[in-house]
Amino acid sequence: MKLYGSYTSPFVRHCRIALLESTLDYEFIETDQAASATMSPTKRVPFLQDGELTLTDSSAILRYIRQKSAKPFIDSAVEFDQYCMINTALDSTINLFFLARDGVDIERFDYTLRQAQRVESILGELEQLNLPLHGPFNDVQLRLACYLSWAVFRQRINIDRYPKLKLFLAALEREPFFVETAPPA
């Protein structure tokens, strides 16, 4: 099994954590944008190859890893909705990050303002969750931690106004699997 991705991607990080938690044999192959553009129809990371099987979305990859290691992925519709909400915030935050990096003034356009408002609205909703401060952590919690860690590192969000999220992230940042999958400094 080969997982292709970058060390900085929060989507890839979640898959790497799932693989570490499993007993599956795998190889992580660092991949840049040029390689992902030619190797994956989605032109992004992560993507996974296991024999003849190729998966091109982190959620499908996570489900596959969990199934292969006989562990649950998402237990309920409510958890799945939370997971999707985190993905929405993550997608919006990443889009804003790349647009700003390309010189777009995100304060100037209704679309980008709506994306920023979406992120803040979701963070407010996530602040209401009952988040554990020690494991085991489920995939909703792991996705949230990967998102928060990336977005704070990239200075895309400030979680000072969200004390529960801040405390949750601080707890996860002490977990060995989270430390092991942190992007290189």
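**View 1. Pro 46 in the loop between helix α2 and strand β3.** Pro 46 of this predicted model lies in the loop between α2 (33–39) and β3, where helices (H or I, at least four residues) and strands (E, at least two) are DSSP runs, numbered from the N terminus. The peptide bond that joins Val 45 and Pro 46 is cis, with omega about 0°. Lys 43 lies in this loop between α2 and β3 as well, and has a positive phi of about 60° although it is not a glycine. At 55% relative accessibility Lys 43 counts as exposed (buried means under 20% relative accessible area, exposed over 50%, partly exposed in between, with a 1.4 Å probe and protein chains only).

Residues are numbered from 1 along each chain as its sequence is written. Because the model is predicted, local features need pLDDT of at least 70 and side-chain atom pairs count only at pLDDT 80 or more, while totals for chains, interfaces and linings use all residues; side-chain values use heavy atoms, with hydrogens and water left out.

View 2. In the order β2-β1-β3-β4, 4 strands form an open sheet with mixed pairing, two strands being paired if DSSP finds at least two bridges between them. β2 (27–30) and β4 (53–55) stand at the edges, each with a single partner strand, so one side of each is left without a neighbour in the sheet. Strands β1 (residues 2–5) and β3 (residues 47–50) run antiparallel and are joined by 3 bridges; the bridge partner of Lys 2 in β3 is Gln 49. Helix α1 (residues 10–21) packs on the sheet, touching β1 and β2, and its direction makes about 155° with that of β1 (axes are lines fitted to C-alpha atoms, for helices over the stretch in contact, and angles run from 0 to 180 degrees between N-to-C directions; contact means heavy atoms within 4.5 Å).

**View 3. Leu 55 in strand β4.** Leu 55 has its place in strand β4 and is buried, with a relative accessible area of 16%. Not counting residues up to four places away in sequence, Leu 55 touches Phe 47, Leu 48, Ala 60, Ile 61 and Tyr 64.

View 4. Pro 136 lies in the loop between α5 (110–126) and α6, and the peptide bond from Gly 135 to Pro 136 is cis, with omega near 10°. Gln 155 is placed in the loop between α6 and α7 (163–172), and its phi is near 55°, a positive value in a residue other than glycine.
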